[in-house]
Amino acid sequence: METNPCNKSVNGGSTIPSRVSRKTKPTDTIVNINGVKVGGSEIVVIAGPCAVESREQLFETARSVRKSGAHILRGGAFKPRSSPYSFQGMGEEGLKLLYEIRKETGMPVVTEVMDTRQVEMVAQYADMIQIGSRNMQNYPLLKEAGICRKPVLLKRGMMATIDEYLMAAEYVLSHGNEQVILCERGIRTFETSTRNTLDLSAVPVLKRLTHLPVIVDPSHGTGVRWMVPPMAKAAVAVGADGLIMEVHYNPESALCDGYQSLSLEEFDSLMCDLRKIAQAVGREILAPKTTAI
Ligand code: PEP
Ligand code: MN
């Protein structure tokens with residue numbers, strides 16, 4: 001029998017069968033975010049600002065990314081910042097703005113939860129809850145996300161192996177929620193020319209080991225605006241089921257992650273290029289939804 005040189009065991013060598021494994025479920029899981037399906041042959045694009053900063057900033061950005069063909073709106077209301085003095089997010093006010101523009105544009109919304117006490121409230125406003133890189137191994141939060149029946153966007157921890165990542169997803173599935181999307185967002189290495197090292201090899205590895213959809217975040221993966229388009233295209237080429245990208249109507253004035261945010265024009269032009277790459281690999285970018293939420 002051929003042995004795997006990379007020792008990818010999916011469940012840490014445990015004999016307990018894992019729910020995330022393709023061995024347990026060979027067919028691809030489709031995650032349905034209020035009508036937008038991730039994990040099929042069509043590629044889904046999530047776009048929006050890193051953080052919700054104001055009504056004008058969110059609404060202008062959302063309307064524009066929708067026009068360019070984005071399917072789901074992102075925007076953080078609770079931000080995990082390295083410094084306690086940096087902008088922490090608008091909290092529930094930000095969630096209310098997301099809810100309002102979600103109705104107008106018809107785009108479902110994804111936003112981050114950082115604490116078990118926030119899950120219930122965030123789930124009232126959002127269509128999908130995001131568990132960020134820093135919380136990938138926050139087991140109480142993973143359990144809570146499992147109990148909550150909203151789809152979950154689980155980002156890879158910046159120091160997590162593929163096995164650790166899949167076991168984190170296993171927490172959500174084993175608590176009753178199979179609607180989980182995985183997201184490669186870069187890992188910490190010795191390299192300093194990028195914010196993180198975007199591990200695109202994680203995409204084919206994950207697609208082989210698990211039935212869950214896999215998307216890529218080239219914004220946090222590179223940390224540099226001009227590197228986002230090439231890495232987004234590469235992600236589609238290696239088989240990602242979708243992308244999540246930061247877009248801001250005025251990146252220079254952003255309160256968070258402006259240096260890695262695309263302008264509205266840059267995002268629009270990238271969407272055109274992505275359609276060509278998708279076709280070249282036998283896929284398509286999902287047609288924008290026309291029905292209201
Ligand atoms: C984000 O998506 O805004 C974010 C904080 O991402 P990550 O958890 O991957 O750093
Ligand atoms: Mn960000």
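**Figure 1. D257 is found in the loop between β10 and α9.** Helices and strands here are DSSP runs, numbered from the N terminus: helices are H or I with at least four residues, strands are E with at least two. The model is predicted, so local features need pLDDT of at least 70 and side-chain atom pairs count only at pLDDT 80 or more, while totals for chains, interfaces and linings use all residues. Residues are numbered from 1 along each chain as its sequence is written, chains are lettered from A and ligands numbered from 1 in the order in which they are written, and side-chain values use heavy atoms, leaving out hydrogens and water. D257 is not a glycine, yet has a positive phi of about 60°. Most residues other than glycine have a negative phi. With 7% relative accessibility, D257 counts as buried. Buried means under 20% relative accessible area, exposed over 50%, and partly exposed in between (1.4 Å probe, protein chains only).

**Figure 2. Four residues coordinate the manganese ion (ligand 2): C50 (SG), H220 (NE2), E246 (OE) and D257 (OD).** Donors are N, O and S atoms within 2.8 Å of the metal (3.2 Å for Na, K and Ca); water is not among the atoms, so the site may look incomplete. In sequence, the donor residues are spaced C-x169-H-x25-E-x10-D. H220 in helix α7 (residues 218-222) and E246 in strand β10 (residues 242-246) link distant parts of the chain, 26 residues apart. H220 is buried at 8% relative accessibility. E246 is buried too, with a relative accessible area of 0%.

**Figure 3. S261 occupies the loop between β10 and α9.** S261 is buried, at 1% relative accessible area. Residues up to four places away in sequence aside, S261 touches R225, E246, V247, H248, P251 and E266. A contact means heavy atoms within 4.5 Å.

**Figure 4. Y249 lies in the loop between β10 and α9 (264-280).** At 26% relative accessibility, Y249 is partly exposed. Not counting residues up to four places away in sequence, Y249 touches E56, Q57, E60, T61 and L264. Y249 and E265 are 16 residues apart along the chain, with 9.1 Å between their C-alpha atoms.

**Figure 5. The largest nonpolar core has 84 residues.** L154, V180, M245, F267 and L274 touch the most other members. Helix α5 (residues 162-174) gives the most to this core: seven residues. A nonpolar core is a set of buried Ala, Val, Leu, Ile, Met, Phe, Trp, Tyr and Cys residues joined through side-chain atoms within 4.5 Å. Beyond its neighbours within four places in sequence, F267 contacts V45, A47, V65, S68, A70, M245, V247 and L262. In soluble globular proteins, nonpolar side chains tend to be buried together.

**Figure 6. Y99 and Y125 form an edge-to-face aromatic pair.** The structure holds two aromatic pairs. In the Y99 and Y125 pair, the ring centres are 6.1 Å apart, with 80° between the planes. Rings of Phe, Tyr and Trp (its six-membered ring) pair if their centres lie within 6.5 Å; planes under 30 degrees apart count as stacked, over 60 as edge-to-face and the rest as tilted. Y99 is in helix α2 (residues 92-105) and Y125 in helix α3 (residues 119-125), so the pair ties together parts 26 residues apart in sequence. Y99 is partly exposed at 30% relative accessibility, whereas Y125 is buried at 13%.

**Figure 7. K150 is found in the loop between α4 (139-147) and β7 (152-155).** K150 is partly exposed, with a relative accessible area of 25%. Leaving out residues up to four places away in sequence, K150 touches A123, A126, D127, N177 and Q179. The C-alpha atoms of K150 and F78, 72 residues apart along the chain, are 18 Å from each other.

**Figure 8. N34 lies in the loop between β1 (31-33) and β2 (36-38).** N34 has a positive phi, near 50°, in a residue other than glycine. At 39% relative accessibility, N34 counts as partly exposed. For context, the protein chain has nine helices and eleven strands, and buried residues make up 55% of its 293 residues.
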